[in-house]
Amino acid sequence: MEAFNYRDGQLFAEGVALSAIAERFGTPTYVYSRAHIQACYRAYADALAGMPHLVCFAVKANSNLGVLNLLARLGAGFDIVSRGELERVLAAGGKAERIVFSGVGKTRDDMRRALEVGVHCFNVESIEELERLQQVAAELGARAPVSLRVNPDVDAGTHPYISTGLKENKFGIAIAEAEAAYGRAAELPNLEVIGVDCHIGSQLTSMAPFLDALDRLLGLIDRLAERGIGIRHLDLGGGLGVRYRDEQPPQPGDYIRAVRERLAGRELGLVFEPGRSIVANAGVLLTKVEYLKHTEHKDFAIVDAAMNDLIRPALYDAWMDVVAVQPRTGEPRCYDLVGPICETGDFLGKDRELVLAEGDLLAVRSAGAYGFVMSSNYNTRGRAAEVLVDGAATFEVRRRETLEELYAGESLLPE
Ligand SMILES: Cc1ncc(COP(=O)(O)O)c(C=O)c1O
Ligand SMILES: N[C@@H](CCCC[NH3+])C(=O)O
């Protein structure tokens, strides 16, 4: 489904003109579509119907309370990587027993809090973490449910910064060492081994690496069964890609059907941790053209959103579609779309053919995942507002940060 469509020459989010959102909330503003998030979540949940499962939204992709609340109401679980994300999920109405706790650097405090609230399971990423979790659980007189994140050593064929399943990556326990690690986990009295987990990378556009990883994990599960270690759930992580330009990633339903076929006859529950594929195309970043600057070599459109608002182009050289909210007729020019930050890397797009005038609104598409969450206050810029559209209604799910808030925690030196 497409949440953002042109109607009468204007781009709409569901039933609301983006120009009306800009007028009411200012720019830059992130705009999300409720219907799109729901449809993407349901694509996973529906394909998993009839078997034990959890669809744990990866909170890192978009941690706005309104978005999390929407997903919690749909029955989603959550994949978290920090105490902060845990508290956000609880504040948004998410259920602790549907949370999986991933991440290579869990602190004792993180573990304590997660045990107190009763998360579904810890995705443990090293032997050292296993020993620490045992200690913390013993101190609390608790038993920690555990999956080991196994690194299956498959090449996800994605950007090197977001590939996580190779043996040289910091994530997980190498598959060759996994049996020994499970053996150790099974000996520890305050741990309960329940699952196997993996996550091989993000923005994958083909099914083969997922199925390759799955086969390796099923082999491991069989070897563990021979050693008397029973596995109840298999967590395949997130990673399914989306269309930013012309990619044709598998649809969640097709992916899950292929996984289910391979599981036939096994008593295993399935867990997924999708982030991007739930929210990326449910969001745009709305920005305004401040200046059109023409130089001998280049035409620049200087917009009011910058790399502090959306870092993907600067960090990964990611291509994101940028469209006019009210397209004009006329002769297009080739613009670099840049922000006001004092860095050459501060761009949202390069060499884009557009017809523009000062004051025009632009929408950066596919910005619902890893957009606002990666924003910063660089150049003392307040972070953008976030608005969720539901049909004809708009909800400001995060107001724009004020300048006073930016230095509220700082102090002058004593006299
Ligand atoms: C452990 C884990 N689970 C889930 C995700 C979500 O990934 P994606 O947004 O690609 O679905 C990530 C991020 O890549 C991750 O590190
Ligand atoms: N932040 C990355 C994805 C990282 C995934 C984290 N596990 C992106 O924007 O594509």
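Predicted model: local features only at pLDDT ≥ 70, side-chain atom pairs only at ≥ 80, totals over all residues.
**View 1. Where domain 1 touches domain 2.** Zooming in on the contact, we meet 22 residues from domain 1 and 21 residues from domain 2. On the domain 1 side, β20 (385–390) and β21 (393–398) each contribute at least two residues. The top contributor to this side is β20, with four residues. Sorted by class, the side of domain 1 that touches domain 2 holds 14 nonpolar, three polar and five charged residues.

**View 2. The shell around ligand 1.** Here ligand 1 sits among 15 surrounding residues. The closest include Ala-58, Ser-202 and Gly-238, and also Gly-275 and Arg-276. By class, the shell consists of four nonpolar, eight polar and three charged residues.

**View 3. The fold of the protein chain.** Take a step back, and the protein chain shows twelve helices and 21 strands. Its radius of gyration is 23 Å, close to the 22 Å that the globule rule gives for 415 residues, so the protein chain is as compact as a globular protein of that length. Along the principal axes, its C-alpha atoms fill a box of roughly 70 × 65 × 40 Å.

View 4. Of the 415 residues, 46% count as buried. Among contacts with a separation of 6 or more, 70% join residues 24 or more positions apart.

Conventions
Residues numbered from 1 in each chain as written. Chains lettered and ligands numbered in written order. Contact = placed C-beta atoms within 7 Å. Nonpolar A, V, L, I, M, F, W, Y, C, P; charged D, E, K, R; others polar. Near = placed C-beta within 6 Å. Rg over C-alpha atoms; globule rule 2.2 N^0.38 Å. Buried ≥ 20, exposed ≤ 12 C-beta atoms within 10 Å, placed from the backbone.
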